[in-house]
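Please consult the sequence and the structure alongside the text.

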Amino acid sequence: MVDDDAPVLAISEAAELAGMHPQTLRQYDRLGLVSPRRAIGRGRRYSRRDVGRLLQVQQLSQDEGINLAGIKRILELESQVERLASRLEALSARAETGTRVFTAGVSGDVVVVPRGRRVRRESAGGSLVLWRPPYDPR
């Protein structure tokens, strides 16, 4: 079984799988829509995930009538949503019942603080925001 992110496909193979001309893939790479990894000799190597993204670009362009600049923005926003969802999931996993007090420093890092512990302002680089959930008698 091959990893979906493994760069194993040459440009001709990826173009054939996506039903596109190799020159279209080169153009998408130049525009930053689908940027494959490079082999040692600087040849493009596409992954299965890259091919899926090529198909998504094609669908947005042909079926939805969105221009390439709009498609690039859509892909960037989808990527941002995925990163934020992943971060939210990691933070939710760290939050245990009874320890739902968080601090956020200047760098934006979020730290779970167990109840009953105090956080010093110096340890947060001078700026500290402390959030405590409202009391819930349940």
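The points below are grouped by topic.

The model is predicted: local features require pLDDT of at least 70 and side-chain atom pairs pLDDT 80 or more, whereas totals for chains, interfaces and linings use all residues. Residues are numbered from 1 along each chain as its sequence is written, and side-chain values use heavy atoms, with hydrogens and water left out.

**Overall architecture**

- The chain contains four helices and five strands, where helices (H or I, at least four residues) and strands (E, at least two) are DSSP runs numbered from the N terminus.
- Their order along the sequence is α-α-β-β-α-α-β-β-β.
- Among contacts (heavy atoms within 4.5 Å) between residues at least 6 apart in sequence, 43% join residues at least 24 apart.

**Burial and surface**

- Of the 138 residues, 22% count as buried, meaning under 20% relative accessible area, with exposed being over 50% and partly exposed in between (1.4 Å probe, protein chains only).

**Nonpolar core**

- A nonpolar core is a set of buried Ala, Val, Leu, Ile, Met, Phe, Trp, Tyr and Cys residues joined through side-chain atoms within 4.5 Å.
- The largest such core has 17 residues, of which Leu-25, Leu-33, Tyr-46, Leu-54 and Val-57 touch the most other members.
- Two or more residues of this core come from each of α1 (11-18), α2 (22-31), α3 (48-62) and α4 (68-94).
- Not counting residues up to four places away in sequence, Leu-54 touches Ala-18, Met-20, Leu-25, Tyr-28, Val-34 and Tyr-46.

**Asn-67**

- Asn-67 lies in the loop between α3 and α4.
- Asn-67 counts as exposed because its relative accessibility is 52%.
- The C-alpha atoms of Asn-67 and Val-57 are separated by 9.7 Å, and the two residues are ten apart along the chain.
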